[in-house]
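Please look over the sequence and the model below before reading on. The briefing that follows goes through the structure topic by topic.

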Amino acid sequence: MPLKIATLDNHCTMLSDQVLEDFLRQLRGVVIRENDPAYDNSRRVWNGMIDRYPAMIVCCAETSDVMATVKFARTHNLRVSVRGGGHNVAGKAVCDQGIVIDLGRMNSVEVDPEIPSVRVQAGARLADVDEKTRPLGMAVPVGVVSRTGVAGLTLHGGLGWLLRRDGLTVDNLLAMDVVTADGTLITASATEHPELFWALRGGGGNFGVVTSFEYRLRPVTSQVWFAAVLYPYDLAQKAIAFWRDYMATAPRELSSFCVLRGKPMQAAGQKIPRQPVVAFLACYSGPFEKGEEAIRPLREWATPVADFSGPKDYHLGVQRLFDKDYPPGRCYYWDSLFFDDLDATTINCIAAHAEQCVSSLSSVNIWALGGAMNHVPPSETAFGKRDCNFMVAVEANWEEAEGAPGNIAWAVDLVDALRPASRAGVYLNFPGAAAGKLSLVKGSYDGNFAKLQSIKKRYDPDNMWRGNFNILPECDG
Ligand SMILES: Cc1cc2nc3c(=O)[nH]c(=O)nc-3n(C[C@H](O)[C@H](O)[C@H](O)COP(=O)(O)OP(=O)(O)OC[C@H]3O[C@@H](n4cnc5c(N)ncnc54)[C@H](O)[C@@H]3O)c2cc1C
């Protein structure tokens, strides 16, 4: 049966059986279409709010499948999306009526202990990397939930428990293999296609399909000191101010965020008190014997309602601690803002608004940035917000799709209220309204945007990679 499929310019075309057969013959992976029993499962992403119907999902088995699919899409001018781990909240990994280039089966992780470095295929999850680096006492600085895809997280920056010591995930990249819009495979590194290497370190999926990432490894002790201290919500304002001041002088080996849960929590697997709380979470990745002291002020600030702090296995404990709180299929809307500082007005606004959340699963998480991330000049990579000291992530999380209007409105209202005091743009891994607003994407890159546009023009002049947080190619004249 001929296949009706969307084109890049939002029209539809028909692909004949012969054209499809010729394409399928080139692949080692499988193609899933609407009549396939695996279709419904394969088109789903982590966020249960996303419900898109691609014309076909190409489950790539190897890089040559990616190249063949890109050439095929290019020849027929087809709409494409790229799926790494499928965890982006905006669901950009899946497109309606087009082709999904699904990298999920390309998930090998190979460690080179000599450099030391690790080569990670683009369908891998954070847990796949942790599993291979753990025996070496090493880690890649990635995010804090182990099922997240490495690819999307890396391409938009990457914030996690080693952030202040080792920088963003992109700061630990040595090279990437990339299939460009004409279907050729190139390597981007400091010496090969250095401009593309610059752009991919924050510029997202705008420049091609990254098939593998090579990261420098960082040493991590197998046990690290982890703080998880819960205080009563009525101390929220004071707690945020204390935490802000403590993080300003804390050692860079301490990465932390402050979490506001305005409704009694239902966190999985922990004996959480049934009351609203403000929590300090922190991981100390310096010498183990110094960790208890580094987290002590966070534990002794006031009388906690619960304290789950202590030594934890970095890879199997800390990195997986929150996995159960973020199951696939639940409904999510996440937004974010960057701040140079948290003044009293901002703190009051956050504390008052977080308490009004609709769902007990929702939270506001304030990340302390700084440290190694700040030591890289903002122009060194495409990522735009290195010089900010805090990021506020607003997480609306709820169970039933019908709850969307109220839960999203809660998040949007808070972001709107905070926006005047914040820096422009968002963290594109927690994209909120940036999913459909080019001005927010532009603002996210600060002074790097014009350079990104000119690199886009060179590597993707026809804007083939547009179903993402899109950077339009620089226009002539
Ligand atoms: C539960 C949870 C926890 C999270 N925690 C953190 C955290 O601690 N720190 C943090 O920084 N972020 C965090 N995030 C955000 C996360 O980084 C983003 O959702 C990220 O996009 C996930 O990557 P992915 O590969 O799963 O995304 P996907 O949804 O597969 O892809 C998102 C987009 O990235 C691009 N893309 C993906 N793969 C490729 C590729 N190989 N080549 C080119 N473009 C590609 C495409 O444009 C795609 O649409 C978290 C997300 C979730 C759901």
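## The ligand and its surroundings

Helix α5 gives the most to the shell around the ligand, with 4 residues. This is a predicted model, in which local features need pLDDT of at least 70, side-chain atom pairs count only at pLDDT 80 or more, and totals for chains, interfaces and linings use all residues. Residues are numbered from 1 along each chain as its sequence is written. Helices (H or I, at least four residues) and strands (E, at least two) are DSSP runs, numbered from the N terminus.

**The shell around the ligand**

- Of the 34 residues around the ligand, those that come nearest are Gly84, Gly85, Gly149, Gly152 and Gly205, where a residue is near if its C-beta atom, placed from the backbone, lies within 6 Å of the molecule.
- Two or more residues of the shell come from each of β5 (80-83), α5 (150-155) and β12 (209-216).
- Sorted by class, the shell has 15 nonpolar, 17 polar and 2 charged residues; Ala, Val, Leu, Ile, Met, Phe, Trp, Tyr, Cys and Pro count as nonpolar, Asp, Glu, Lys and Arg as charged, and the others, Gly among them, as polar.
- Because domain 1 (3-102) and domain 2 (109-219) both give residues to this shell, the ligand lies between them.

**Domains**

- The protein is divided into domain 1 (3-102), domain 2 (109-219) and domain 3 (223-438), with bounds that come from an automatic or database domain assignment.
- The centres of domain 1 and domain 3, taken over C-alpha atoms, are separated by 35 Å.
- The contact between these two domains takes 6 residues from domain 1 and 12 residues from domain 3, with two residues in contact if their C-beta atoms, placed from the backbone, lie within 7 Å.
- On the side of domain 1 that touches domain 3, the residues divide into 4 nonpolar, 2 polar and no charged.

**Helix α8**

- Helix α8 (residues 236-249) has 14 residues and reaches 21 Å from its first C-alpha to its last, close to the 20 Å expected at 1.5 Å a residue, the expected span being 1.5 Å times one less than the number of residues.
- The buried residues in α8 are Ala236, Ala239, Ile240, Trp243, Arg244 and Met247; a residue is buried if 20 or more other C-beta atoms lie within 10 Å of its own, exposed if 12 or fewer, and partly exposed in between, with C-beta atoms placed from the backbone.
- Among the elements that the buried residues of α8 pack against are β14 (223-232), β15 (254-261) and α10 (344-354).

**Helix α4**

- In helix α4 (residues 126-133), Leu126, Ala127, Val129, Asp130 and Thr133 are buried.
- Seen down the axis of α4, these buried residues fall within an arc of 160°, so they line one face of the helix.
- They pack against β7 (109-112), β8 (117-121), β9 (138-139) and α5.

**Backbone details in loops**

- Isoleucine 115 and proline 116 are joined by a cis peptide bond, with omega about -10°, and proline 116 is found in the loop between β7 and β8.
- Asparagine 10, in the loop between β1 (3-6) and β2 (12-15), has a positive phi of about 65° although it is not a glycine.

Note on methods: Arc of directions from axis to C-beta.
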